[in-house]
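Colleague: Could you take me through the ligand sites in this one?

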Amino acid sequence: MRLHVVDHPLVAHKLTTLRDQRTDSATFRRLADELVTLLAYEATRDVRTEQVDINTPVAQTTGVKLSHPRPLVVPILRAGLGMLDGMVRLLPTAEVGFLGMIRNEETLQASTYATRMPEDLSGRQVYVLDPMLATGGTLVASIQELIKRGADDVTAVVLLAAPEGVELMERELAGTPVTVVTASVDERLDEQGYIVPGLGDAGDRMYGAAE
Ligand SMILES: O=P(O)(O)OC[C@H]1O[C@H](OP(=O)(O)OP(=O)(O)O)[C@H](O)[C@@H]1O
Ligand SMILES: O=c1cc[nH]c(=O)[nH]1
Ligand SMILES: [Mg+2]
């Protein structure tokens, strides 16, 4: 597994406001959207392209276009939905699939409650979106499902990661073609499985407490 922490002053600036508990939901959603676009720029560095011939008004030249099959973007509901627009702004031709995952607040075990994506992902590049990589249970289960369907290159775009989650991914996804792109690897998890210092519950901060 490859880990890429995006070191950029604009990323750090937006992340700081996102972390601030005074930031309201509307501002949180806007900042998450902006941050994703910055992370997506790095995350798509290896997006597959093919050569094309074009004519400019002046001369013939060669350029590139995104290859077929087109990439698949998979936001993990709920909180990952807040990252979708920022990602498809950079990849407007991408196909979008959905995975609904919930982490049990006591056991911290992740379970799947909704799946809507192609059965066959052979040869596909997939971008998974989830703001938080905490214990790693959610992302490991999601990526295992994508690999089972044949995805041969998976990039997870996460706003924040905990060292514990990165370790779990390295252990459980060893030997698989997975890259994690994040704005920060924070200090640790607390007793409730929250990232410290983190930003709190990303889904609740975007959309309000679900229950
Ligand atoms: O790495 P993990 O320990 O598995 O935790 C991370 C997951 O927890 C949060 O989702 P949550 O279960 O709160 O669902 P929500 O997005 O609907 O709020 C977050 O959005 C991740 O999906
Ligand atoms: O800190 C955390 C950990 C898991 N999920 C969140 O939304 N925040
Ligand atoms: Mg949540």
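Colleague: Where does ligand 2 sit?

Modeller: A pocket is, on a 1 Å grid over the protein atoms alone, an open set of points where a 1.4 Å probe fits, with protein on both sides within 12 Å along at least five of seven lines. A molecule sits in one if more than half of its atoms lie within 2 Å of its grid points. By that test, ligand 2 sits in the largest pocket.

Colleague: Before we go on, what sort of model is this?

Modeller: Residues are numbered from 1 along each chain as its sequence is written, with chains lettered from A and ligands numbered from 1 in the order in which they are written. Side-chain values use heavy atoms, with hydrogens and water left out, local features need pLDDT of at least 70, side-chain atom pairs count only at pLDDT 80 or more, and totals for chains, interfaces and linings use all residues, as this is a predicted model.

Colleague: How much of ligand 2 does the protein bury?

Modeller: Areas come from the Shrake-Rupley method with a 1.4 Å probe. Taken alone, ligand 2 exposes 230 Å², and the share of that buried by the protein is 88%.

Colleague: Over to ligand 1: which residue puts a polar side-chain atom 2.5 Å from one of its oxygen atoms?

Modeller: Backbone atoms also reach oxygen atoms of ligand 1, with Ala 79 at 3.0 Å and Ala 134 at 2.9 Å. The side-chain contact at 2.5 Å comes from Thr 138.

Colleague: Which element gives the most to the shell around ligand 1?

Modeller: The shell has 15 residues (a heavy atom within 4 Å of the ligand). Helices (H or I, at least four residues) and strands (E, at least two) are DSSP runs, numbered from the N terminus. With three residues, the biggest giver is β6.

Colleague: How many charged residues are in the shell around ligand 1?

Modeller: Asp, Glu, Lys and Arg count as charged; Ala, Val, Leu, Ile, Met, Phe, Trp, Tyr, Cys and Pro are nonpolar, and the others, Gly among them, polar. Besides six nonpolar and five polar residues, the number of charged ones is four.

Note on methods:
A polar contact is a pair of N or O atoms within 3.5 Å; within protein, one must be able to donate a hydrogen and the other to accept it, and residues adjacent in sequence count only if both atoms are side-chain atoms. On a 1 Å grid over the protein atoms alone, a cavity is a set of points where a 1.4 Å probe fits but cannot get out, and a pocket is an open set with protein on both sides within 12 Å along at least five of seven lines; lining residues have an atom within 4 Å of a point.
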